[in-house]
Amino acid sequence: MHTQITHLLALWASLPQIVRTVVWILIITIGVILCVAFLTLWERKVIGWMQLRRGPNRVRIFGMLPGLGQPFADVFKLLTKEVVVPSAASKFLFRIAPALALIPAIAAWAVIPLSPQLVVSKANAGLLYLLALSSMGVYGIILAGWSANSKYALLGAMRSAAQMVAYEIAMGFALVGVLMAAGSMNLGQIVQHQQGGFLAWNWFWLFPLFVVYLIAGVAETNRAPFDVAEGESEIVAGFHVEYSGIAFALFFLAEYANMILISTLTAVFFFGGWLSPFAGYPGIGHTFLGDPSFFWLGLKVFVFLFLFLWFRATFPRYRYDQIMRLGWKALIPVTLVWIGVEMIMAAIHIGPWARPWFH
């Protein structure tokens, strides 16, 4: 067995770099899609648990594990439904809009470090790449509403896009604070700059920016309590009123894919990514519990995803004017003030600018 593993590792190392990159892209893409599928099931189970009911418990896999086959049953149902394209719609844009919503959420994983060794692209401008991709999702929503040639869909798209733009600004300013603390736009270097244990992570010194980023991330993904687009379905629907079948499902796949992405970026920017919280602790800091690994990143992402589900089961939906007021009049001023505080901390050399403090 050991000889076979050694042979496979040698074969992998002999492959051209572009082949290895393509293989990792396929693995990460398939992994994200499977996580999206099971996240829909987990959400229904968690909310059912909070509301004292069972959630999905019928569709089985190989006759076992009741409810585990529900995501695959949903996909099969949506794939077999007819995709209706309105006769007066701009057909090309109508069909491409769902893809524009989903593809950026998948493409962003190219620069996210999953472990100290595993990252598809070590781009030095990874932070700019993420900001550019996050703004692409707005185009999918605007095109979905405009191309349908429906006034209600257009109004719904404008409301959703205005919300996303407002919170993108707050999110961008929060990331400026992370950039100031790390001194790099490379996500791997941002993680490495947080070495030193739990209190060395960015959440400690950039706590207001962490709160702003998390709230803006929830609003960016149109999740409760910011789910105005979903709330419009109580009347007819929002920007996706004319969509059906798998085209309709792609918008919701994009929503769940963005939830996973925002949770991962929150862990990377503010909670040390793949770094262990026990690094440097006496006794356990030099064991496997103190070693950086994908396990720690996955655990942090799991916690933040649970927060998304918890918010949906807990908070009432905000009015649209409350959503916009929070974004423009509360979150953006908080980020601007804390960027000023960071300038003072950098000038007097405390916090992330005085690494000996953590040792």
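Over the ring of which residue does the charged end of K300 sit? The charged end of K300 sits over the ring of W201, 4.0 Å from its centre; the criterion is NZ of Lys or CZ of Arg within 6 Å of the ring centre and within 35 degrees of the ring normal.

A word on the basis of these values. This is a predicted model, in which local features need pLDDT of at least 70, side-chain atom pairs count only at pLDDT 80 or more, and totals for chains, interfaces and linings use all residues. Residues are numbered from 1 along each chain as its sequence is written, and side-chain values use heavy atoms, with hydrogens and water left out.

K300 is among the buried residues of helix 12, where buried means under 20% relative accessible area, exposed over 50% and partly exposed in between, with a 1.4 Å probe and protein chains only. Helices here are DSSP runs of H or I, at least four residues, numbered from the N terminus. The buried residues of helix 12 pack against helix 2 (17-50), helix 9 (207-220) and helix 11, contact being heavy atoms within 4.5 Å.

I turn to the aromatic residues. W201 belongs to one aromatic cluster, whose members include Y213, F269 and F304. Ring centres within 6.5 Å make a pair, with planes under 30 degrees apart stacked, over 60 edge-to-face and the rest tilted. There are 25 such pairs in the structure. F94 and Y243 are stacked, at 4.1 Å centre to centre and 5° between the planes. F94 is buried, at 2% relative accessible area, and Y243 is buried at 7%. By contrast, Y213 and F269 are edge-to-face, because their planes lie at 85°, with centres 6.0 Å apart.

Key:
Helix = DSSP H or I, 4+ residues; strand = E, 2+ residues; numbered from the N terminus.
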